[in-house]
Amino acid sequence: MNFAIEAPGEAAPLSPWELVKALSGAATSTDHAQRQSASQQLQTWESHPDYYASLQTAYLDTEQDKQIRFLAIILLKNGIDKYWRHTARHAIKPEKKQFIRSRLLQGSLNEEDKSLALHNALVTAKIFRIDYPTEWPDAFSALIEAIKAANASNQLHLRGALLVLLRVVKELGTARLRKSQTALQAVTPELVQLLGAIYTEKTAYWQDLWTKGHGDEDTAEIAAENSLTALKVLRRLVTVGYEQPHADAMVCGFWSLSQSQFDQFLGGVSQDSWIPVPYQDMVGKHLIQFTKLHIEMSETHPASFPLLPNSIPLTKAYWNLVKGFSEVFEKSGGIKQASGETAGGNRKHEGPLYEKLALKGLLLLRSCMAIAHHPVQTFKYRSTEAKELEKQAVHILRDDLLTRDMLLDMMQVIISNLFIFRKSDLEAWEEDPEGWESQERTEGQAYEWAVRPCAERLLLDLLTHYKELGEPLLAYFDLVTKADMDIVSKEAAYCALGCAASVIYQSFDFDTFLTTFLVKDVQIQDPMAKLLRRRIAILLSQWISIKISQASRPAVYDIFRHLMNPDDQHNDEVVRITAARQLKYIAEDFEFTPESFYPSAADTFNLLVSLLQEVESDETKLAILETVRVIVSRMETHISQFGDAIMVILPKVWESAASEEYMIKQSVLAIMSALVSSMRVESQRYQGPIIPLLKEAMNPESALHLHLIEESVDLWKAIMMQSSPALNPDLVQMVQLALPLLEYDSEVANQCLDIVKDYIILAPQAILTDALRRPTLSALAKTLDSKSRDQSQLGAKSIEHVIRAAEEFGGAQGVSIVIQDLLEIGVLRTMLEGLHSAWESSQTTGPNRKSSKINSLKETDYFAVLARIALADPALLVTMLTSFGSPIEQVWSWLSTQWFANFDCMGDIEREKLSCLALTRLWELPNPMQDLVLARLQDYLSMWTSVVMELADDTSGDALRSQDSLVWIEVAGSEYDTPLDVSEREFAAKDPVHCVVTFEFVKARLGDMVQRVGGEQAFEANWAVNVDREVLAGFQRLSQSSGQVDR
């Protein structure tokens, strides 16, 4: 094949020699520039049609350096994700795919290096998932034939073929597409039969050698590897390849084989084992696979598990294994998380095999509890037969497995033996205090790989579903309170007491127990005292939400203060971190009161801050900061006493966090937000140190900007709520950081828009300056087109606020400047075009009706902005309307028609009154507006009558409010009002909507108009004569009733 084809823009043509040269440079060169150049060249070739086939050729060339081959197969694997599907840009051509597929098995069967063979198998699995069965229908048949041939001739080839099959089954087994699931299920019976035969044959071979000495040791080792791989594949096939595994004879046969061999192999790893010590690890791996098979079957097929042969005796056998292990639990070395990962990307766990098997037994028992008491909830259709199977499974487990004797035995063994704190646990504690504490915490995942946490979860399951077990527990706890127990035993008893809290709380007097025993126990001076202290912190957090009286809570706070005291030698890092973490749950409790915590607050905050400076793990720092945040929030205004101390440390924590440690900074911002909200007005003194951090977080050029945006906006909003005019100058300038965010349709954009509105109210003169006015209006204009109704409405209201502020501080000239800005921005033209399209739509009907650019809700927003202009100065509105080139008569004709029609759609009496006042102000203007408004007299009279009647409040005892319910005489504040609430209320009180009586406003301008047109007779003869009698009579009745109110 000739690869020497130069693509446009390439630094070098693709050829076998150039490819190997580039791979060598990228994989083995010690020169950074050369590695970078080679990597860029490889990226350039990605779109070349022969590139990926060439990578495969380089990988298959066993004479090449391993690093070159390894990079080649990695690049090929990455290319499958990017370019294998035909929809991808620069997709690999069909003929090249066929060429690559034809050599996939060769890449694993002939490969002696396990890591290279694994990655080739991963490539094969990815292609299987995409192409089988549509593009590669004979994939499985070819793989099966390769396995059969290798099994008969070459065990090394068999190892490679089984590895490929393992990765393929794992890939298809995790696929969500029904196509992949169906394809795997179709071939499963054939694979199970083949693999079952291979597994039996290879297992018999290495057993025969290691028991009788017949055979070759090297061959036996490979046979053991192949039997293990076959077992891994079988484990997955019987769980994902069948809908009802219990109904298949081969699955039942393999299930029975797994049980008999589990017992047999278990004897092979005991002290008097028949297997040589060097090979016991391999047998142990087979045992672990059996345990995974049993657990996965119970989790994947809960209805089938109890119906499979001898599943109940199997589970009981697991419990007997756990019981046997519990006798030596205290001496076992423990399971630890290793630094490496398995081939599947999971963390490795190292520890005694016996302990690992006992853990699997506990997990299987938890799974059986879930089947019996938590049936799988699904929307998927299930036949009557399937539902009956589920009921049968629950019945079998409850009646045959989870008997009372079994439950009591489990509870006794767990509490007496598995809760014991071992020497190995203590060693892990002291080796890595922060890491151990994090793994062991209640919400951690240690129960998946450690016996003690798993036993805790199992006891919780037992007590949750069998509350009658609380009675024997009470007797046990009564004994605990009377007997003189050692610390380790007492720690185990307190662990059980915490698990049982929700079951025994009505019968157990925890308040007395707290004051009589826990207060003393927490002061014990003993080398092992730290175990008990850690447990007491957890115990209190478990009981606080269940049953601890208000009278006992000060003692709880004192205990936590004592546990976090670094001067006590028994309060090591784990004890103090645990106390700090659990204190969060104490403060979160519904019955927490700031008053009872106040005496302990100062010391507690100091201890938390001190601990925060000592710990190194980010996860631990986040936990402590979260505790601080919760306490700050729950202390409310009482936190003021400690605000200075908190604000001293927070900037230091911020600075100590590396640039990429955004979660620490998120927590700092959250605490500041809670502090500002709790301290209310007094928090203004902290704006100096807070604003620089807030600016840094809101800086769009910062790498952390997107990570911190939500917490930053929350803090910013809290600061604005607690700010009074005049604002801090640095805070005022920050408004420019909010403006670019307004155009996005997101919750953050809504919050930023709310913040901009707050600025208009709190710092109107600053917003009206030349530096901020135009940018603010431009940003607000963009929100009018938002798809979010809340956002577009708030944007329109904010523009209204700017117009009102301009009138208040600049009069008509100030409003004219704002109008000029709105004209130059283009927003007023957009509004008028939208309103005109709405009018055109209302004037046409039928299939050719024109559609409106805006809906009625946006129409109302637009009229509200125009109303604000008219209410400020009606002449400015007329000038603006004529600035687009059309005479006022033409514009007024359609605009007034649509404006009056919009009253039926407003749905908000405040908006109706606003438009009513604005339209009425146009009666102040001379011709041509004078004749134009008089020509609409009937519309005006109808509007006035409707609005005034709607505003009337006959139930009010006040004369003004009886005429106009929107008029505020005096609005009383509340103790919960923020400074922003006060400013908003004062701003709203100045609004004509709330300080002008509508009928009096209308009557004054109507009377003035009557005089200008020659008096009442001339008005009636020339204008009122054109009004419907009913409309006129309605307005006259309104005048009479209002006159009576005046009298």
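A salt bridge is taken here as a side-chain nitrogen of Lys or Arg within 4 Å of a carboxyl oxygen of Asp or Glu. The model is predicted, so local features need pLDDT of at least 70 and side-chain atom pairs count only at pLDDT 80 or more, while totals for chains, interfaces and linings use all residues. Residues are numbered from 1 along each chain as its sequence is written, and side-chain values use heavy atoms, with hydrogens and water left out.

The whole structure contains 58 salt bridges. Three of them are listed below.

| Asp991 | Arg868 | 2.7 Å |

Helices are DSSP runs of H or I with at least four residues, numbered from the N terminus. Asp991 lies in the loop between helix H48 (979-989) and helix H49 (992-995), and Arg868 in helix H41 (residues 856-872), so this pair ties together parts 123 residues apart in sequence. Both Asp991 and Arg868 are buried (under 20% relative accessible area, with exposed over 50% and partly exposed in between; 1.4 Å probe, protein chains only). Through shared partners, salt bridges join Arg789, Glu800, Arg804, Asp861, Arg868, Arg911 and Asp991 into one network.

The Asp589 and Arg553 residues are likewise buried, with relative accessibility of 8% for Asp589 and 1% for Arg553. In the remaining pair of the table, Lys717 is buried at 17%, whereas Asp754 is partly exposed at 22%. Lys717 belongs to helix H33 (residues 705-721) and Asp754 to helix H36 (residues 747-762), so the pair links parts 37 residues apart in sequence.

Definitions and conventions:
Helix = DSSP H or I, 4+ residues; strand = E, 2+ residues; numbered from the N terminus.
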